[in-house]
Amino acid sequence: MAMKSAASSAIRSLLSSSSSTFSRNLHAPAERKKIVGVFYKGGEYAKLNPNFVGCVEGALGIREWLESLGHQYIVTDDKEGSNSELDKHLHDAHIIISTPFHPAYVTAERIKKAKNLELLLTAGIGSDHVDLKAAAAAGLTVAEVTGSNVVSVAEDELLRILVLVRNFLPGYHQAVNGEWNVAGIAHRAYDLEGKTIGTVGAGRIGKLLLQRLKPFNCNLLYYDRLRMNPELEKEIGAKFEEELDAMLPKCDVIVINMPLTEQTRGLFDKNRIAKCKKGVVIVNNARGAIMDTQAIADACTSGHVAGNSKTSSQKILSTTKTYETAIMIFVMNNLYRLWRGCLACATSSKGSSMAIHAKSCNDSSYFWHYHRCTGIIEFLYYLGSFIM
Ligand SMILES: NC(=O)c1ccc[n+]([C@@H]2O[C@H](COP(=O)([O-])OP(=O)(O)OC[C@H]3O[C@@H](n4cnc5c(N)ncnc54)[C@H](O)[C@@H]3O)[C@@H](O)[C@H]2O)c1
C-alpha cells in the first residue's frame, strides 16, 4: 500500500513536471505498450510484507498503475534460455524491467529478436547484464537507478569487513554447535583500529563506506580514476592513491567498489592478488567478474588471502565446480553474500541520480544525462516518459 501511494504521488508530481523528456513523451500519441518485468520469486516471504515489491508477486507495485493506463504488464522469474517466459515475450516487448538481484541478461541475440524494444530499465544499480554496445547500435535506452541503495550497500560492506576481521563466522559456528574454543577464534581475530583499508573505486558507495569507517580510526586509502575534491577528501580523511598496484600492498583490507566494465573485468587476476599483503581481507561488493574466480579461490586456500567476501548469484555458486570445492576448503574464512532481495527504488528515499546511457541517432558513443531526484521518482519518471 505504501509503495502504491508513493507511486501515485510520484506520478502526480511527474505529471506536473515541465521536464522536456517527460513533456515530449506526454504529447506523443498514447500507445499500448508491452512491459516485461523479470524478478525473483518471493514465495512465502512475499506474504510477510506488503511492501516487499521487488519480487514476482509484488511486481514492483506498479501493476495497477500500468494496467490502468492500458498497458500489458507481464511479470516472470523465468529468464534463462530460448524457451523461457522472457524469450516468449521478447518479439513484441517494448520495455524490459529487471534488477541486478535476478538479472535478465539482454544479449545482442535477444536485442535482435526484440523488434519493438525501446527501454531496458534496471530497478537498481549496474547495467552490466545488458550488452550495451548492441543496445546502443539498436538505439535503445538503458537506464538504471544510480544511487538508489547505496546506504544499504555501504552498511553491508562495513558489516562484512567486521565479520571477516573479527573472525566472527567460526565463533558463530562454535556457538551453534555448542563448542567453546577461544583459541580457535582468537588466533586470527583483529581490531579494525589502526588497520589500512583501501577502496578500489570511491564513487557513491565507496565514499559512504569511507565515511562510515572514519570513526574506527583506520588508515583510509582510495584508488579511483577520479580524485575527490580536497574538502571532501579532508572531511572523509582518506588519502588518494594514483596507482592501484601501489595501494594494494599497503592494505590490510581491500574493498572493491567499481563497476564491471571492459576495463575492470578480471582486474583482480592472479598477478594482482599476489601484489596484495599476505593475510589481506578482500570484500568484493562489485560484480564477481572483476575477480578471477580461480585465482581468489587459490589465494584463499594458500592463506595469501585470509578472508574473502563476494556478492554472488546462485548461478556462479552452482556452476563453478572448482569454486565449490574451494568453498568447502576455506568455508571458515569466506563469507558469501547472496544478492539480497532489496528493491533499489523502495529502499531509498534519499536524493540520488539517474544515469541513462543512450545513443544519439548519428553517433555510436554513449551520452549520459543526470537527473537529481529520489529513487522511486526517477524510476517512475523514466518509465512514465516511455509509456504516457
Ligand atoms: N552488491 C550490491 O548489492 C551492489 C549494489 C549496488 C551496486 N553494486 C556495485 O557497485 C558498483 C559501484 O556502485 P556505485 O554506486 O558506487 O557506483 P559509482 O558510479 O558511484 O562509483 C563507481 C566509481 O568507480 C570508478 N571507476 C569506474 N571505472 C574505473 C576504472 N576503470 N578505474 C578506476 N576507477 C573507476 C568511478 O570513477 C566511480 O568513482 C556498481 O557498479 C555495482 O556493480 C553492488
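Biologist: A salt bridge is a side-chain nitrogen of Lys or Arg within 4 Å of a carboxyl oxygen of Asp or Glu. How many salt bridges does the structure hold?

Modeller: The structure holds 18. Keep in mind that this is a predicted model, where local features need pLDDT of at least 70, side-chain atom pairs count only at pLDDT 80 or more, and totals for chains, interfaces and linings use all residues. Residues are numbered from 1 along each chain as its sequence is written, and side-chain values use heavy atoms, with hydrogens and water left out.

Biologist: OK. Which residue does Asp87 meet in a salt bridge?

Modeller: Arg110, with N and O 2.6 Å apart. Asp87 is in helix H4 (residues 85-90) and Arg110 is in helix H5, so the pair ties together parts 23 residues apart in sequence. Helices (H or I, at least four residues) and strands (E, at least two) are DSSP runs, numbered from the N terminus.

Biologist: Are Asp87 and Arg110 buried or exposed?

Modeller: Both are buried. Buried means under 20% relative accessible area, exposed means over 50%, and partly exposed is in between (1.4 Å probe, protein chains only).

Biologist: And what does Lys33 pair with?

Modeller: Glu118, and their closest N and O atoms are 2.9 Å apart. Lys33 sits in the loop between helix H2 (20-26) and S1, and Glu118 in the loop between helix H5 (108-113) and strand S4 (119-122), so this bridge ties parts that are 85 residues apart in sequence. Lys33 is buried, at 8% relative accessibility. Glu118 is partly exposed, at 24%.

Biologist: Which residues are in a network with them?

Modeller: Salt bridges link Glu31, Lys33 and Glu118 in a network.

Biologist: New topic. How is the protein divided?

Modeller: Into domain 1 (34-144) and domain 2 (150-320). The bounds come from an automatic or database domain assignment. Taken over C-alpha atoms, the two centres are 31 Å apart.

Biologist: How many residues of domain 1 are in contact with domain 2?

Modeller: Five, and they meet four residues of domain 2. Contact means heavy atoms within 4.5 Å.

Biologist: What area is buried between domain 1 and domain 2?

Modeller: About 450 Å², and carbon and sulfur atoms give 44% of that. Buried area is the accessible area (1.4 Å probe) that two parts lose on being put together, summed over both. Ile125, Asp128 and Lys133 supply 73% of what domain 1 buries against domain 2, more than any other three residues.

Biologist: How many salt bridges cross that interface?

Modeller: The rule finds two across the interface of domain 1 and domain 2. Separately, a salt bridge joins the side chains of Glu262 and Lys133 (3.2 Å, N to O).

Biologist: Now helix H14. Which of its residues are buried?

Modeller: H14 covers residues 293-302, and its buried residues are Ala295, Ile296, Ala297, Ala299 and Cys300. Just after H14, Gly303 takes a positive phi of about 95 degrees.

Biologist: What about Ala59, what is its phi?

Modeller: Near 50 degrees, a positive value in a residue other than glycine. Ala59 is in the loop between strand S1 (34-38) and helix H3 (63-68). Ala59 is buried, with a relative accessible area of 3%.

Biologist: And where is Asn167?

Modeller: In the loop between helix H7 (150-165) and helix H8 (168-176). Asn167 has a positive phi of about 60 degrees, though it is not a glycine. Asn167 is buried, with a relative accessible area of 3%.
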